[in-house]
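Please read the following report alongside the sequence and the structure, which are shown first.

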Amino acid sequence: MSVEQRTSGVAVRAGSPAAWLVAVRPRTLLVAISPVLVGAALGWQRTGALDLGVSLVVLAAALLMQVVSNLQNDVGYTVRGGESTGTRTGLPRATAHGWLKVRAVRNAIILIALVSTALGLLLVLQRGWPVLAIGAASLLAALAYMGGPRPIAYTPFGELTVFVFFGLVAVMGTDWMLTDGIGATTVVAAVALGALAAAALAVNNHRDIAHDALVGRRTFAVTFGARGHALLREAFEHLRRPDHRHVRGLAQPQDLLLHFREALEAQLHREVAARRWRAIAFQLAASSCAQLMRMTSIPASSSSRTSRGSCAASL
């Protein structure tokens, strides 16, 4: 196999940063960021308080879990021969193309898992043993999705796993971590986001029914057929659209980003005079959130632009 190949028109050299980006899949990291933003925004909306330090640790831990999952998916699928038929559609696997060695990716998984565990221990000091249980379950799910003797991705439980960990655990866990409680709106939002992530996976699994059956993946779509899987997708579609007028509005990513940015800016005003370095951190976070809003076509309100300008001038 050649040392240098191409993917999406871009040359990829074995062992290069580009090869690692193929395995990490940066675009999928928003799946980990969104539930944390939602949980933090709803927690702030309910209590009026936002602990930036804890929020950033939770966000970092969630991102690392997603990276572990992506790397494990890459190497696990390759080791199990999922690419051997040449019939799979979707993004390339770095290990399958020889851009990364299996051992190197597994070593990276161990290293990132250790770092995420260290972050989890910091949160345990803040909130106690329940965090340990949440973190251990999340790490186990990330590793077991495409690892072990019977990966979750090779069973009918893939969509359920995504629903639980990218919705219920991530959103409600963030709210509880920051506020020591879970609001009713948070529960509904957690169901909505979990269903959204599960529905996305369901679409991919429906597309790959023929390939998955060929390589031995007994996904829900393979096990119950196209009709049964269509019913599952329809169920998730209903769950991701809450009926309550107030909750439905909050479940929209644009509105949630707006709430979160307002939380950051409110805290920023309180920090400007007291702690300069923390104010800068909040300014950076608010700016990042504004950038995400621009990416999702959210117009900035005149009041928000004014508050950001006044805070920047104060710094």
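## A loop residue and the packing around it

Ala49 has a relative accessible area of 43%, so Ala49 is classed as partly exposed, since that class lies between the limits of 20% and 50%. Ala49 belongs to the loop that links α2 and α3, and although Ala49 and Leu178 are separated by 129 residues in sequence, their C-alpha atoms are 8.4 Å apart in space. The model discussed here is a predicted one.

As a whole, the protein chain contains 13 helices and two strands, and of its 315 residues 46% count as buried. When contacts between residues at least 6 apart in sequence are considered, 72% of them join residues at least 24 apart.

## Two helix pairs

Two packed helices are described by the angle between their axes and the distance between the axes. Helix α2, which spans residues 30-47, packs against helix α6, residues 158-179, at an angle of about 40 degrees, and the two axes are 8 Å apart. That angle makes α2 oblique to α6, and the crossing of the two helices is right-handed. On the α2 side the contact is made by Val31, Pro35, Val36, Val38, Gly39, Ala40, Gly43, Arg46 and Thr47, while α6 contributes Phe166, Ala170, Val171, Thr174, Asp175, Leu178 and Thr179. Sorted by class, the residues in the contact of α2 with α6 are nine nonpolar, five polar and two charged.

Ile33 is also a residue of α2, and its C-alpha atom is separated by 9.4 Å from that of Ala170, which lies 137 residues away along the chain. Apart from neighbours within four places in sequence, Ile33 is in contact with Leu59 and Leu63.

The second pair consists of α3 and α5, whose axes come within 8 Å of each other and cross at roughly 25 degrees. Because angles under 35 degrees fall in that class, α3 and α5 are roughly parallel to each other. Met65, Val68, Ser69 and Gln72 of α3 meet Gly135, Ser138, Leu139, Ala142 and Leu143 of α5, and the residues of this contact divide into five nonpolar, four polar and no charged.

## The nonpolar cores

The largest nonpolar core has 38 residues, and among these Leu71, Leu123 and Met177 touch the most other members. At least two residues of this core come from each of α1 (17-24), α2, α3 (52-79), α4 (102-127), α5 (129-144) and α6, and α3 gives the most, with 11 residues. Leaving aside neighbours within four places in sequence, Met177 is in contact with Val54, Val58, Leu123, Arg127 and Val131. A second, separate core is made up of 10 residues, including Tyr77, Met146, Val162 and Val215.

Ala19, Val22, Ala23 and Val24 are buried residues of α1. Thr161, by contrast, is placed within helix α6, where, neighbours within four places in sequence aside, Thr161 is in contact with Ala141 and Ile152.

The table sets out the accessibility of these three residues.

| Residue | Relative accessible area | Class |
|---|---|---|
| Thr161 | 16% | buried |
| Arg25 | 19% | buried |
| Asp180 | 55% | exposed |

Arg25 counts as buried because its 19% is under the limit of 20%, and Asp180 counts as exposed because its 55% is over the limit of 50%.

Terms used: Residues are numbered from 1 along each chain as its sequence is written. This is a predicted model: local features need pLDDT of at least 70, side-chain atom pairs count only at pLDDT 80 or more; totals for chains, interfaces and linings use all residues. Side-chain values use heavy atoms; hydrogens and water are left out. Axes are lines fitted to C-alpha atoms, for helices over the stretch in contact, and angles run from 0 to 180 degrees between N-to-C directions. Helices (H or I, at least four residues) and strands (E, at least two) are DSSP runs, numbered from the N terminus. Angles under 35 degrees count as roughly parallel, over 145 as roughly antiparallel, 65 to 115 as roughly perpendicular and the rest as oblique. A crossing is left-handed if the near helix is turned anticlockwise from the far one by less than a right angle, and right-handed if clockwise. Contact means heavy atoms within 4.5 Å. Ala, Val, Leu, Ile, Met, Phe, Trp, Tyr, Cys and Pro count as nonpolar, Asp, Glu, Lys and Arg as charged, and the others, Gly among them, as polar. A nonpolar core is a set of buried Ala, Val, Leu, Ile, Met, Phe, Trp, Tyr and Cys residues joined through side-chain atoms within 4.5 Å. Buried means under 20% relative accessible area, exposed over 50%, partly exposed in between (1.4 Å probe, protein chains only).
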